[in-house]
Amino acid sequence: MDKELNEKESIGKIISVSELNVRAIIGENVRVKKQDVVYCYIDGVVNEFEIMGIENNIISAIPFGSVHKLSKGIDIYLKEGGISIEYSDNILGHVFNSYGSLIDDGYIENPHRRNIYSRRLSYDEIKVDGDILWTGIKVLDFFAPIQKGFKMGLLGGAGVGKTVLIKELINNVYKGFNSNSVFVGVGERSREGKELYDEMLEADLLDKMAIVFGQMGDNPTSRSKAVFSGLTLAEYLRDEKEQDVLLFIDNIYRFVQAKSEINSEMETMPIENGYPATIESDVSEVEERINSTDKGSITSFQAIYIPADDLTDAAVQTISSHMDGQIVLSRKVAERGIYPAIDVFQTTSKMIDPDIIGKRHYDLVEEVIKYLARYEELEEIIAVLGIDELSSDDKNIFYRSRKLRNYFTQPMFVAENFTGISGEYVKIEDVLHDVENILNGKYDSINESKFSFVGSMKDVL
């Protein structure tokens, strides 16, 4: 039994129980607030609840687990510290559940914990002109450069290389900045969680990160708290270790979904599509904690589920309004054997601005997008008429576009055991130089196959 939960004076008794709402009457002199945690004992087992509403001396609380065996008249007690999670170097290499408990059979000696809601950035702390976080991944740094503190949407289904991209980002940022990462699984399937754990262990990345899982089989309370526990771990690395942290959230939509389920049970008035009236503040409470400060930064990649492929969905629109860009992984691109399988037409970043990345980089992005868009048109023409019917200019665009498409593939460090090709970290200066040379025809005599899965062209010439 948790040592923190010592038997003490009861603060009240349960008066009603439903699947996601336990109501209790508390003493007149008892002082509690929202997000406090209360608990009771059933057959020697601790059952915990978080207070969501207070009306006079009646509290409404959401249970952390099953409400089986709960009934009216059971005594409840106040837990000191609320929901908390480890706040020290011991977070690295460990897997926590949504409530801050270890679930990897590990052990933390002399724990130092912190409430998951305690951090609020003040206006003066936030740094909005952070440096660019170069990842060494050509297609990302060229088409969607990321500023420290950015929030990037990560869209893509299963089997398109999302996990490999995440692992490569963790690897490169650790090597480049000696910084760690946090992965938060919100509504994660237990099988997928175990696969991620095993893959990180095999890739020698587990000790460079901390993981929080709110599993799909858990109730909505767990799925709604995983993000806050993960944020607290990331804040430790940023504020105490002064690092530039990568935070991966998979899937942020499930956080909104869990909040909707809770609000429905609490009989809170919903809005269109069943989302709660608090959807904007719920999402903001998460996103406003992801920022840069003078000490470090939290840069997040957030997977976003699109219900029924409806980009106008209220939750998707609310989440997207906080994003600084999006990275779209495409099955169509993956089927061509191009990895990372990023759809460059849908991938965006607020950094694509000549005043931020410079006119040279900006103009090259514009030119490459024009080439690749024209290439898709030419593919259809060639399928009907053949390549001999193209003008010389269109032929140049066609062949150079194929080289550009191949050039933005890249051997990954974390995939070396599978591909047999050594990973490559490519500096943005080399990428810009290579792209210029492809566009101006300097590499016209080189076979397009030479451009696939290489670092910079210095490795080829």
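Which residue in β2 is the bridge partner of S16? The views below, drawn from a predicted model, start with that pair.

**View 1. Strands β1 and β2 pair in the antiparallel sense.** R23 is the β2 bridge partner of S16. β1 covers residues 12–18 and β2 covers residues 21–26. Their pairing runs over 6 bridges. The link from β1 to β2 is a hairpin of 2 residues.

**View 2. β2 also pairs with β5.** β5 spans residues 58–63, and its pairing with β2 is antiparallel, over 4 bridges. Here A24 sits opposite I59 of β5.

**View 3. The largest nonpolar core contains 63 residues.** F142, F143, V368, F408 and V435 make the most contacts inside this core. Helix α10 (residues 359–385) contributes the largest share, 7 residues. Leaving out residues up to four places away in sequence, V368 touches F142, F143, L404, F408, V435 and L439.

**View 4. Another core, of 45 residues, lies apart from the largest one.** Its members include F64, I108, V182 and V328. In soluble globular proteins, nonpolar side chains tend to be buried together.

**View 5. The largest pocket holds about 960 Å³ of space.** It is lined by 35 residues, with G156, G157, A158, V160 and K162 closest to its centre. At least two lining residues come from each of β10 (151–155), α2 (162–177), β11 (181–188), α3 (190–202) and β15 (325–328). α3 gives the most, 5 residues. By class, the lining has 15 nonpolar, 11 charged and 9 polar residues.

Conventions
Residues numbered from 1 in each chain as written. Predicted model: local features only at pLDDT ≥ 70, side-chain atom pairs only at ≥ 80, totals over all residues. Heavy atoms only, no water. Pairing = 2+ DSSP bridges. Core = buried A, V, L, I, M, F, W, Y, C linked by side-chain atoms within 4.5 Å. Buried < 20%, exposed > 50% of the residue type's maximum accessible area, 1.4 Å probe, protein only. Contact = heavy atoms within 4.5 Å. 1 Å grid on protein atoms, 1.4 Å probe; cavity = no way out; pocket = protein on both sides within 12 Å on 5 of 7 lines; lining within 4 Å. Points joined across faces, edges and corners; volume = space filled by probe spheres on them. Nonpolar A, V, L, I, M, F, W, Y, C, P; charged D, E, K, R; others polar.
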